[in-house]
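I opened the model today to look up a few local features. My notes follow in the order I took them.

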Amino acid sequence: MSDEYYQDKEKAVRIELPETEVAPDQAIAKRFGAFGPFLEKLFASGVEARGVERVPEDQRETRNTWNNLLMWWSVNTVLTTIPIGVLGQFVFTLTFPHAVATILCFGFLGAIATAFVATLGPQTGLRTMIITRYSSGYIGCTLYSILNILTQLGFATTAVILGGQTLASVSSSHAVPLVAGIVIIGVCSLIPCFIGYNMVHIYERYAWMVTFFIMCCLYGLGGKAGFDTSAQQSVEDTGRALSADILSFGSIVFGSFTGWAPVAADYNVRLPADTSALRVFILTMFGLYIPICFTSILGAALVTITDPEYVAAFGTDGSTGGLIAQVLSPWGGGGKFLLVLLAFSCIANNIPNTYSTALSIQALGRPLAVVPRFIWVIFSFIIYTVAGVAGREHFSVILSNFLSILSYWTAFFIVIIAEEHFIFRRPAGKLGGYNLANWDKPSKLPPGFAGVLAGCCGVVGAVVGMAQVWYTGPVSEKAGATYGADLGFELAAAFAGMTYPPLRWIEIKLTGR
């Protein structure tokens, strides 16, 4: 074990460094015997060999911290972010001002929470799911990995459906079938993820330029068609019902930000350990907050257009792709070209879903971790493409239910990681830092009882506070009107936040780890 320690300048968290590790490409090639030479050639061609293994300090080759901003800007300045704003009025009947205020406020909370998780990547050199082993042990890591796999596959499914819908709406005479559109988006997402970390960053570093220009065009064309910010005035709820609508929509907005928290550290683990945590935090926060707010507010604005042709294009089933096609229609062939580019913007959004799903599968345990990362990338692609084809006619229902439920578990996930970091891993805390040599040694990691029990308390908070079509919790019923007010993520965070510190203190007292 190395006697060196790394002291983070902002957080002053002591981190014990492990010894030099064997390069993952060599280890994998040796492990697979006869297939070794093929794998060596594959890795030599540029395909990433490293999966969930820690990235040692001497193998971190980049200092481009701006990737923290540019990557998340590309990931979220996309077609799939527009429907978030659409839901505010289509599902919750909010007026445009109330929808915008909800997006800005709840989005800010979500951006801060997710940006904190991103700061742990350079400090530890570990992927996000592996970091949970230091608070919730191997058992907790496995449970979080399962939740994250479902989360990322859910995101991926909505991405390929919306991209496919948009490609299908480009032309009525020579339309791409919806199923074919879904497969095309999925395959294009697969390629950079198969190659790995460097290709992901190369793509995401520049993808935002085209899509940001298209979003600006949509604002302009939508304004010309006529935004009516009071369009929902007659149907918007009042009193407690309005408060319930805002809280429920806010849960969806929060989830659209914190849905990236379980993968936030996956994309900066190759930054040097002495990279400023404050710099990573600020760049990640703005990389999330500005594009998600900018693009989801666009969605909220487009729904206010009352022209009958635009209303018909949107339809009763809430076809965001159809509405955007109508907005771009005054530009004829040029508008169709932009629509095709916008459909392919879903690739930028779907890349982290695909890449991190593979890492989360490896984080489930050693038997799965020994399988090369790119195999799990292909497996993930197959799963969400099939799911997208199966659920292609129910996009709005999938999106609204998925995002609101998503906010519940990510809320207590972030709280537990934050309390572990700031209370127990600080210099004056019980543990005083992270022993990174133990990242894959169950006997030297926390047993995980405290993290798992606190997570269960978070689930209880979510259950009593949630408001879904199929279930409304008792607290939600009292807080809202007819359909309840969704307080799931707030109560999930509160329940976990109150129970984790005493449980963790007892765990450390009994086990010393």
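**Entry 1: a loop residue**

I started with Thr 93, which is found in the loop between helix H4 (82–90) and helix H5 (96–118). I am reading a predicted model here. Phi of Thr 93 is near 50°, and that is a positive value in a residue other than glycine.

**Entry 2: helix H15**

Next I checked helix H15 (residues 332–344), which has 13 residues. From first C-alpha to last, H15 reaches 19 Å, close to the 18 Å expected at 1.5 Å a residue. Which residues of H15 are buried? I found Gly 335, Leu 338, Leu 339, Leu 342 and Ala 343. Seen down the axis, these buried residues fall within an arc of 145°, so they line one face of H15. Gly 333 and Phe 337, on the other side of H15, are exposed. I then asked what the buried residues of H15 pack against. Their partners are H8, helix H9 (178–195), helix H10 (197–225), helix H14 (320–328) and helix H16 (346–362).

A reminder to myself: an α-helix has 3.6 residues a turn, so residues three or four places apart point the same way.

**Entry 3: helix H20**

I repeated the check on helix H20 (residues 449–465), which has 17 residues. Its end C-alpha atoms are 24 Å apart, which agrees with the 24 Å that H20 should span at 1.5 Å a residue. The buried residues I noted in H20 are Ala 450, Gly 451, Ala 454, Gly 455, Gly 458, Gly 461, Ala 462 and Gly 465. The buried residues of H20 fall within an arc of 125° down the axis, so they line one face of the helix.

**Entry 4: nonpolar cores**

The largest nonpolar core has 127 residues, and Leu 218 and Ile 324 touch the most other members. Helix H8 (residues 133–168) gives the most to this core, with twelve residues. I followed Ile 324, leaving aside its neighbours within four places in sequence. Ile 324 is in contact with Leu 79, Ile 82, Leu 218, Leu 302, Leu 339 and Leu 342. Another core, of seven residues, lies apart from the largest one. Its members include Ile 28, Leu 42, Val 47 and Phe 374.

**Entry 5: aromatic rings**

How many aromatic pairs are there? The count comes to 26. One of them is Phe 43 with Phe 374, edge-to-face, at 6.4 Å centre to centre and 65° between the planes. This pair links distant parts of the chain, with Phe 43 in helix H2 (residues 36–44) and Phe 374 in helix H18 (residues 373–390), 331 residues apart. Both Phe 43 and Phe 374 are buried.

I also looked at Trp 409 and Phe 413. Their ring centres are 5.4 Å apart and their planes are at 65°, so this pair is edge-to-face. Both lie in helix H19 (residues 395–424), four residues apart, about one turn of the helix. Trp 409 is buried at 8% relative accessible area, and Phe 413 is buried at 0%.

I logged one aromatic cluster, formed by Trp 72, Phe 155, Trp 260, Tyr 267 and Tyr 355.

**Entry 6: charges over rings**

Last, I looked for charges over rings. The charged end of Arg 133 sits over the ring of Tyr 138, 4.1 Å from its centre. Arg 425 lies over the face of Tyr 434, at 5.2 Å from the ring centre.

Terms used. Residues are numbered from 1 along each chain as its sequence is written. This is a predicted model: local features need pLDDT of at least 70, side-chain atom pairs count only at pLDDT 80 or more; totals for chains, interfaces and linings use all residues. Side-chain values use heavy atoms; hydrogens and water are left out. Rings of Phe, Tyr and Trp (its six-membered ring) pair if their centres lie within 6.5 Å; planes under 30 degrees apart count as stacked, over 60 as edge-to-face and the rest as tilted. Helices (H or I, at least four residues) and strands (E, at least two) are DSSP runs, numbered from the N terminus. Buried means under 20% relative accessible area, exposed over 50%, partly exposed in between (1.4 Å probe, protein chains only). A charge sits over a ring if NZ of Lys or CZ of Arg is within 6 Å of the ring centre and within 35 degrees of the ring normal. The expected span of a helix is 1.5 Å times one less than its number of residues. The arc is that of the directions from the helix axis to the C-beta atoms. A nonpolar core is a set of buried Ala, Val, Leu, Ile, Met, Phe, Trp, Tyr and Cys residues joined through side-chain atoms within 4.5 Å. Contact means heavy atoms within 4.5 Å.
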